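The model is a predicted one.

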Amino acid sequence: MPLYNKASFVRKSLESVFNQTNHDWELVIVDDGSTDGSGQVALQCIDEYKASNETVCPVTFISQSNAGVGAARNHGAWISSGEFLCFLDADDWWDKSFLEEMAAFIPRFPDAGLYASNYIYYKPGKTHVAVRCDTGYINYPEVYLSNSAMPVWTGAVAVPRGVYDEFHGFPEGVKLGEDFLLWFRIALHHPFAFYDKPLAYYNNDVPVRLRATRNLHDPKYHMLFNLDPLVGEMTGSCVSPESKQTWTRLLDRLRINGLIDYWLDSRFHEVAAIELEKVDWTRFSDHERDEYEKSVLWLKAKRQFMSLAAAVRQSIIKLFVKR
């Protein structure tokens, strides 16, 4: 569990681990330089867990200078001892049977290099099951393209340690999409197994200032500006030409959807334009292409209006929807 400035959320995340029906686990919490007292909240939760249970699973708490979520996860993974690695951010939580059901699911698909369960996208007024996909081995890029959500979300996976070590863990220094970069590399070489039962909760009800996905990072820290090495690895792998086309379409889709804010920002417009030149636009609709051909001022105004409308709608929902 990487922990960075999530004092208001970490208790719920930790309790979802402590309340697991499977009691054969080890938890490593890595406080990645929090400044809001998150570490103290976590330590108090640990003390309460140990005091209220006669038999407890091993829990380790470590602190480090802020190095990013990838480095925090890697630090925790490397000092842990489990055969499988699961990751839970400090503002998300698990169903109480997550570990038990994943442990039963894994032997059914022994050749997988990654196991993922379905999950709940949580936001008042918008809460829903995230992925539409049957249980079994999956074609990762095809499932990603056919859904509006990630088929493999980091808070709902179990990764064999040998596979994790094979790819040296999460890329460090990338602040947004570091998990996708790792899953991409694993999927080029190993099958993925998906369990169509939601067993984890992706909390999207977090203030914007605490969410990496809602901030414009320096491009060198964003996965969409770090795809070329993956394309090179895909080209040199044994992936079939048809599968490579699917992967390429997925990467293009992610560029189109993810670069609009960078393209509209004068600081990053040129570097975003370079990435967008790599898109094969013939694979996409005129509407998607036209968005990037409209007036920058018009698009900025449109997005600001949509953002304001969404904020107002969410405020109204929170007045009436019980948390």
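## Nonpolar core

A nonpolar core is here a set of buried Ala, Val, Leu, Ile, Met, Phe, Trp, Tyr and Cys residues joined through side-chain atoms within 4.5 Å. The largest such core in this predicted model comprises 91 residues, and F180 and W183 have the most contacts inside it. Helix α7 (residues 178-189) gives the most to this core, supplying eight residues.

Beyond its neighbours within four places in sequence, W183 is in contact with L114, Y140, V152, T154, V157, V159, F170 and F192. In soluble globular proteins, nonpolar side chains tend to be buried together.

## Packing of α7 and α9

Helix α7 packs with helix α9 (residues 241-258) at an angle of about 170 degrees, and their axes are 13 Å apart. Because angles over 145 degrees count as roughly antiparallel, α7 and α9 are roughly antiparallel to each other.

On the α7 side, F180, F184, A187 and L188 take part; they meet W247, L250, L251 and L254 of α9. The residues of this contact comprise eight nonpolar, no polar and no charged.

## The sheet and its helices

An open sheet is formed by three strands in the order β1-β2-β3, with parallel pairing. Its edge strands, each pairing on one side only, are β1 (2-3) and β3 (59-64). Strand β2 (residues 27-32) is joined to β1 by two bridges, and the two run parallel; P2 stands opposite V30 in β2.

Helix α1 (residues 10-18) packs on the sheet and touches β1, β2 and β3, its direction making about 165 degrees with that of β2. Helix α2 (residues 38-51) also lies across β1, β2 and β3, and runs at about 165 degrees to β3.

Terms used. Residues are numbered from 1 along each chain as its sequence is written. This is a predicted model: local features need pLDDT of at least 70, side-chain atom pairs count only at pLDDT 80 or more; totals for chains, interfaces and linings use all residues. Side-chain values use heavy atoms; hydrogens and water are left out. Buried means under 20% relative accessible area, exposed over 50%, partly exposed in between (1.4 Å probe, protein chains only). Helices (H or I, at least four residues) and strands (E, at least two) are DSSP runs, numbered from the N terminus. Contact means heavy atoms within 4.5 Å. Axes are lines fitted to C-alpha atoms, for helices over the stretch in contact, and angles run from 0 to 180 degrees between N-to-C directions. Angles under 35 degrees count as roughly parallel, over 145 as roughly antiparallel, 65 to 115 as roughly perpendicular and the rest as oblique. Ala, Val, Leu, Ile, Met, Phe, Trp, Tyr, Cys and Pro count as nonpolar, Asp, Glu, Lys and Arg as charged, and the others, Gly among them, as polar. Two strands pair if DSSP finds at least two bridges between them.
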